[in-house]
Each structure stands twice: as C-alpha cells, then as structure tokens.
Number of protein chains: 2
Amino acid sequence: MQAEIIAVGTELLLGHTINSDAAHVARALAELGIDVFGSCVVGDNAGRLEKALRDGLRENDLLVTTGGLGPTDDDLTRETVARVTGAPLEEHAESLARLREYFGSRPMGVNQRKQALLPRGCTVFANTVGTAPGCAVETPEGKLVIMLPGPPSELLPMLHDSVMPFLAQRQEGAIRSHMVRTFGIGEGDGALLLDGLTAQANPTVATYATDTEMFVRVTAKGGNAHEAAELAAPVVEEVRRRLGECVYGVDVPHLQAVVVDELTRRGQTLATAESCTGGLLASLITDVPGASAVFHAGVVTYANEAKTRLLGVPPELLARVGAVSPEVARHMAEGVRQRHGSDWGIGITGIAGPGGGTAEKPVGLVYIALSSADGTWLRVMRPTGRVMPRAWTRRRAAGHALDMLRRALQGLSVTALRR
Amino acid sequence: MQAEIIAVGTELLLGHTINSDAAHVARALAELGIDVFGSCVVGDNAGRLEKALRDGLRENDLLVTTGGLGPTDDDLTRETVARVTGAPLEEHAESLARLREYFGSRPMGVNQRKQALLPRGCTVFANTVGTAPGCAVETPEGKLVIMLPGPPSELLPMLHDSVMPFLAQRQEGAIRSHMVRTFGIGEGDGALLLDGLTAQANPTVATYATDTEMFVRVTAKGGNAHEAAELAAPVVEEVRRRLGECVYGVDVPHLQAVVVDELTRRGQTLATAESCTGGLLASLITDVPGASAVFHAGVVTYANEAKTRLLGVPPELLARVGAVSPEVARHMAEGVRQRHGSDWGIGITGIAGPGGGTAEKPVGLVYIALSSADGTWLRVMRPTGRVMPRAWTRRRAAGHALDMLRRALQGLSVTALRR
C-alpha cells in the first residue's frame, strides 16, 4: 500500500506551527509496512486542498489528512473530502452525542455541531480528547482517505488506538520494525560500523540522527508476523553487536526511560544538582511516568552561594578553581547524594552561553559527575570548535549525565577519570 | 512573489525527523512578504525530487529546498537542481577552501569535496556551522531556486544572515509583521474578541494556538517599510486592547523571556520549588540567556521528606492535608523564597498522572503559589474533564506559574485568592 500525508492548515504553511503530525502518521504507517511516498502541506483553501486530494488519489492507495476538522469556517477538510470521494456528509448520531457530552452544561454552538457531519458510510474514529472525530472513507475505486484532527494530543490516541488497528486488518503480510537507540556515537561513525547492513533490502537498516543521539531502524517484511519477527531478530542483534556499549536500548522511548526503569528495578534512588542545565535533567527524568519512585529531589544551583548552601561546596574551592571545574562538579554530585541519602548523585556545571565564556573556560565546556557509594566518575564535554546554541549544550550535557548513569547501572565502563 | 518549500529527505518522509526546517523557512519568507502557497516533503529519490521541482517551478516564482546537500550518495539535491535549472555544477573555489579549513588536519574524503560543487552562476551562501554551502540559482525564466542545508543549526544562521538579505533586495514593497502573545485565553474566546479584525485584508490578523497559549499575528503590506509599519501599529494596539491583560508581550519569544526581562530590569530574583513539574519551570527560565542574574536556585522536591528538609514544609501539614494541597503549595513558595533570600518564590504541587489520582484529588489537579514580601497568591488548575497527557499538565502548570509572576511584575491582578 502506497500512501501520502496531506497536512491542512495555513498555520503550518506559514510556519507558525511545526508539522509534527506528519511525522507521527508516517511513523505509524511505517510500522504497518505502508510506504509513504509523499507528504505535503496545504493552507485552509478548499481549491488547493481539492487539487492535493485528487492528485494524491491518482498516485496512491491511501491518503491521510491531518487538520481542518474543527468548528471554524477555516476548517474545510470534511467538506472537501466528501466532494472528492463522492460520499455526502451526514450527521453521525453517536458523534453528536459525544459532542453534547463534551460540552456538558456549556452551550454548544451551531459551528461545533458541524463536527458530527461525516461522509456517508465512513468508519468513524472517536475523539477521546477533543471534539472533532476522525474517519476513513473508501472511494468507489477502493482507495482510502483517512481524516484525522490536527492537535497532536487528539491525533495521537486516535492514530494508535483506532487507525492502526483499522489499517492493520487491511494489510497483507506483516512488518516488524525495531529501533536501536544509541548515545555517544555520531551518524558518520555509525554508518561505517554498519557497513554492508544498510545496503540490504529485507530487513532494511537505516540510521537517523538527532542533534544528540543516533538511532538505527531495522524493518523486516514477512508473509506473517512470525516470519517478519524471525527475519528482524538476528539483524537487530548484529546492529547491537557492532555498535556495542553505545546502544542504550531497543524499542525504548528514550534514555531517561531506560534510566528510570533500571533504577526502579533495583529499588535505587537518584538526586541531581544542576547548574548550566538549570533543571533540564530533573525535568527529563520526571517526565517519565513513575519517576517519583526513584527521584526524590533535585536542586538547581545557579549561584555559587546556592552551591555552598544546598550542596556543601566549599566557598574556598569555588574561589580557587571556579564554579566550572571538575572539582566542583564532583562536589555537587557527592553533596546532593549525601544530603538526600540517595544511591546516585549527579552534578553538572558548565557554560551554556551565549555569554560567560573565557579563553580558559569557553562556551560549551561542561563537567558532569556521577557519584555513588563506590566512587565518583567524571565526564568533560569540550566545545566543538563552533559556537553551538545554548539549548544544544544543555540537551547534550543532560544526555551525557543520563548516559553515565545508564552505563553504571548496566555494569559498563562509565568512561573517564574514575576517582 | 509566490513560493513553495520542498524538504528533501527520506528521514522526514518516514517521520524519523520532524520537518522544522519548513516552518523556519516559511516564517522567514512571511517576514519578507513572500506568500508560501505549498510545502512538501520528498524522499532521497532523484526522480521524485525532479518532478517536485518541475511542478513547483511551473506554479511559483521561488522554490526553497532544504536538505540533501551533504556528502553521502543519498544527497541528490545539488545534482537535481542543476539538471532542472540547466546550470551545470562547477567546483566553487571559495567553498572548497572553506571545506578544507573545516576539516583542518583531519582527512577530507572525496565525498566531502562534492559539497563544493555548485550550479554555475549561482549566488553562494556560506555555511558558518557545517560543511555544505547553500545557494540561489536563477532559471532562464527568471525564477529562483534556493538550496539550503537540512540541519537546523546550519540552516538557521544561513537563512537569517544570507538568504533574507538576498531576498529582501529583490522584493518590491515591504511587510511588517507583529506577533501578539497571550496566556490564559483560548482560541475560541480569542476569535470572538477579535471579531471583525480577522476579516480585514491589510493588515491581516490571524490567530494561532499551541496547547498552552494563543498568538495573534498582525501582518501589514506597504509600499515601503515606513508605510507598512504605520499600517500595522494601530491594529496591534487594537488587538492588545481587546485581549487585555492576557497579552504578555508583542514580538517576544515566550513568557519566560518576559519574566526574566522584567526581573532583570528591577534587579529582582526568583527561586522555585517544584513537585509535579519536576524541574520544567526552572529549565524554562534558565533556557533564557542571562537568567543567571535573576535565578539563583531552585529545588525539585518530589518526596514529602524533601519538601520538609529543603523547604520547611511541616510534616504534620503534609500528613493532614496531603502534598497536593493549597497549603503545601503556599508553604513551598514561601519556604523557597525565604531560604534563598529571593524576592519571589514559586511553589507547584499537583498530580501530572497517569497514575496517582484519586476521586478527591484527580489527575490534572495542580496548585501553584507565588510568594513575595507582599503576600502569597494561589492558582488552582483543575482537571479538564478529559485525561490529558502528563507532559501537557506539566507544561500548562509551568505556564501558569510564569503567568502569575508576569502579572505580578506588570502590576496586574494575579487572579485568585490573595492571602
């Protein structure tokens, strides 16, 4: 099955909203083995949307639209899809009842009511979060148009709970896809290590990089689920073997989830002391549901005085070596661990920029320390030689801290000066 | 001038990378008064890219491509644009020299060298961050194709420092665009308040919403810069007047920037005590360059014991009313302010979910307190009636905290129980 994604909305076209929906939909389709051959954005303009739909239906078996299902006059997707597929809009009783329930005692405008108008004969996907339902319409030629609401908080549950099961039933064969996630290896080095693997056709092996991590997706197609799984497994193992200790997990959402999971399994706790990352590390960890069992407290000590009062970093040390130093990072990690009686302590101090750098301590220099009852490890993040954005330096430093703890928890070398 | 954005990359099509480049380019073009009529994504496939370029050139005056300029065999944009525009690739001496400088003593592969191949007669945009330069090629018909590198860290400086000045020279007339930013008003209510304004043609007034904020963009076109500015100013004032105290700023990046700016101007300081937001508030504030002057310390007190030790919340209070209560929020805000000797203190306690909710204290219930020498204010965030994602509740709670402080600093009603 070949698909195209059509995102609808002038706010997307003008760049006021970043089109994350297309990525969510594309990933879901890939999981099902549906090839996405194109993706486009059209503004809130019925003529242009109609052209995109007609062009898309000529070349593809499936179109997925996102957005344009709301109550305002700008929302034109429903009407336009109805016109293109030839299925007239009808009021859907169950969706209208849901809308009424959503508004409860509040008045429901006539505009709101139009959200219950859906193409005749479509399969309706209920909106469990917002107002506009989604649906799948089949054209007379047997092609499919799926309409989904624009807000990601509404699109995501609908996509995973309703659309994917609906599409999975229609798919022949099966696909098995795994994501191998790494920290500490670049895409260039990763490609060299995976040489030969990335050229094969089934399973496919592809690398992806964000600004702090590299991922490898292994996707196998088989006649049935078992066959696809059997094809994928050895290749995933080979990828793991080649990338070694940089692999922090397969099919896990992110590094912080692995860390929270490992800590939970051992019944251990963590406390953090952050300077340049300013709470980002604590925020990443506590964004994982259930983090409260392993994360009791963290401190953000921007000022030297706070480093002394909350962590016991000696003022004379701060005066002698400066706040951005390996010694202070170590004191922060040890101080926060001891004061909170946790098993692990992390200390981060550095210069995120854009100001505050010197020749001796340039922007981008960050020291990260991990402390346990067994000792304290240190990593140094050195400037890249180019001026990196403040947010990049902060994200990368938080990533290093998580990776150090992950390695320690997995019994691997934490790499760097062990005290 | 009418434009289309073509993003190149299989990783975008598969959704492994979110297409933020298109948003960056669209916003830059809008600033220049260039209308973006379409935006699409094509994979790393020369045939499909060639079709997208030829289709795009038929209907538009300007195409902007992002991505596909790197050193690997997948990077096909340069060759394809050269073929479509009829300008053969030639080695650009200055770009080659830059590449050599970039690699320094490291070996430079033959693949890297191809990045200095550019269409004959193009205007070259130097890459100050990475390896691949961008460029603008004029077709024999006088249309423009601009190629930009994919990584946002490379694209953004090139876009603002080179491409916008280049395009501005070619534009007739001028555009002036302002963004009015609000907190605490929904898009539906905003649209009602702006009734009449959003229908006019010049300046245009358009609303945009994220999951926590609503923005209003006012865009005026004039014969020259002065004329455009004169047209825009009274409409911006009218939007401000109608939306009232919910407006936290015009042409400001975000709420935390306004808060840091106001605190800096007054020479005042802030300390934060977070439970359910887990460091997100501190992280937002410290993401603002220069935050260190106003933010000395913050604590993340997930466990009750940490609330007592780091903030002095009485254990008997925690036992009596529970951690998620107005009293504890107030104690947290006052405790963190007093212990750090700051002018302002914020305390947040709530249930972000998905677990931990009860009938009495459901997921989504958050108390936010702001403390100063003048007293303590409290806001309550009640569940929406639907299950909202953990990240949404956290972002929204941090937004409320920032908005309370912003209102207090701007001398407005902080809304809610003043003690």
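Copies here are superposed by least squares on the C-alpha atoms of residues with pLDDT of at least 70 in both. I start my notes with that, since the model is a predicted one.

**Entry 1: the two chains**

I laid chain B on chain A first. A rotation of 180° does it, with 0.3 Å of shift along the axis and an RMSD of 0.4 Å. The two copies are thus related as by a two-fold rotation axis. I then looked up which surface each copy uses for contact. Both copies use the same surface, and 98% of the contact residues of chain B recur in chain A.

**Entry 2: the sheet in chain A**

Next I traced an open sheet of four strands. Its order in chain A is β10-β11-β9-β12, and the pairing is antiparallel. Which strands sit at the edges? They are β10 (204-209) and β12 (247-250) of chain A, each of which pairs on one side only. From one strand to the next, the twist averages 20°.

I also checked what packs on this sheet. Helix α9 of chain A, residues 225-243, touches β9, β10, β11 (213-222) and β12 of chain A. The direction of α9 makes about 150° with that of β11(A).

**Entry 3: strand β9 and its partners**

I gave β9(A) a page of its own. The strand covers residues 174-183 of chain A. How many bridges join β9(A) to β11(A)? I find ten, and the two strands run antiparallel. One pair to click on is His178(A), which stands opposite Val218(A) in β11(A).

Towards β12(A), three bridges join the strands, again in antiparallel fashion. Here Thr182(A) has Val247(A) as its bridge partner, and Arg181(A) stands opposite Gly249(A).

Then I asked myself why β9(A) is largely enclosed by the rest of the structure. Buried means under 20% relative accessible area. Eight of the ten residues of β9(A) are buried, so the strand is largely enclosed.

**Entry 4: helix α10**

My last stop was α10 of chain A, residues 255-266. This helix has twelve residues and reaches 17 Å from its first C-alpha to its last, close to the 16 Å expected at 1.5 Å a residue.

Which residues of α10(A) are buried? My list reads Leu255(A), Gln256(A), Ala257(A), Val258(A), Val259(A), Val260(A), Glu262(A) and Leu263(A). Gln256(A) and Glu262(A) are worth a look while you have the list open, as both are among the buried residues.

I finished just past the helix. Gly267(A) follows α10(A), and its phi is positive, near 65°.

Notes. Residues are numbered from 1 along each chain as its sequence is written. Chains are lettered from A and ligands numbered from 1 in the order in which they are written. This is a predicted model: local features need pLDDT of at least 70, side-chain atom pairs count only at pLDDT 80 or more; totals for chains, interfaces and linings use all residues. Side-chain values use heavy atoms; hydrogens and water are left out. Two strands pair if DSSP finds at least two bridges between them. Axes are lines fitted to C-alpha atoms, for helices over the stretch in contact, and angles run from 0 to 180 degrees between N-to-C directions. Contact means heavy atoms within 4.5 Å. Buried means under 20% relative accessible area, exposed over 50%, partly exposed in between (1.4 Å probe, protein chains only). The expected span of a helix is 1.5 Å times one less than its number of residues.
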